[in-house]
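Here are a few friendly notes to go with the model. Please have the viewer open as you read.

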Amino acid sequence: MAEHRIRIWLTAFDHRVLDAAAQQIAETASRTGAVVAGPVPLPTRIRKKTVNRSPFIDKDSRDQWEIRKHKRLVDIIEAGPRTVEQLTKLQLGAGVHVNIRMLFSCPVGARSDIVPGGAERLCLIKHCRGF
């Protein structure tokens, strides 16, 4: 039987809302009997912009703005149908963007993605047509 995994990427501009959403996902998955790896904090992307305060005489007077995009990764291993059902019913905080990918073990010769940091071969569902 193929091992099912759910990989959830969470992004938000507010780290407190993001941590609460990641914790809620991890608790819900572990309550249904699935094995949870994470939440893993990923590097924060900081975008900085410098603009002139005035277009005419005050060239040396500038404002600096930044926006931070915080990211978390949650892997749910051995996810069953009850886990998927409970995750679809979750109400996460406003401003949290969720990207979900379902992974499972590929047969030899199928198109696969190598998981970073591991020797295990996993593929996306859309690439394996024989299952």
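The points below cover a helix pair and a pocket.

1. This is a predicted model, in which local features need pLDDT of at least 70, side-chain atom pairs count only at pLDDT 80 or more, and totals for chains, interfaces and linings use all residues. Residues are numbered from 1 along each chain as its sequence is written, and side-chain values use heavy atoms, without hydrogens and water.

2. The axes of α1 (residues 15-31) and α2 come within 9 Å and cross at roughly 150 degrees. That makes α1 roughly antiparallel to α2 (over 145 degrees, taken between N-to-C directions of lines fitted to C-alpha atoms over the stretch in contact).

3. Which residues of α1 meet α2? They are Ile-25, Thr-28, Ala-29 and Arg-31, facing Arg-82, Thr-83, Gln-86 and Leu-87 (contact means heavy atoms within 4.5 Å).

4. The largest pocket has a volume of about 200 Å³ (an open set of 1 Å grid points where a 1.4 Å probe fits, with protein on both sides within 12 Å along at least five of seven lines; lining residues have an atom within 4 Å of a point; the volume is the space filled by probe spheres set on the points). Among its lining residues are Ile-6, Ile-25 and Met-102.

How values were computed: Axes fitted to C-alpha atoms, helices over the stretch in contact; angles between N-to-C directions. Helix = DSSP H or I, 4+ residues; strand = E, 2+ residues; numbered from the N terminus. Parallel < 35°, antiparallel > 145°, perpendicular 65-115°, else oblique.
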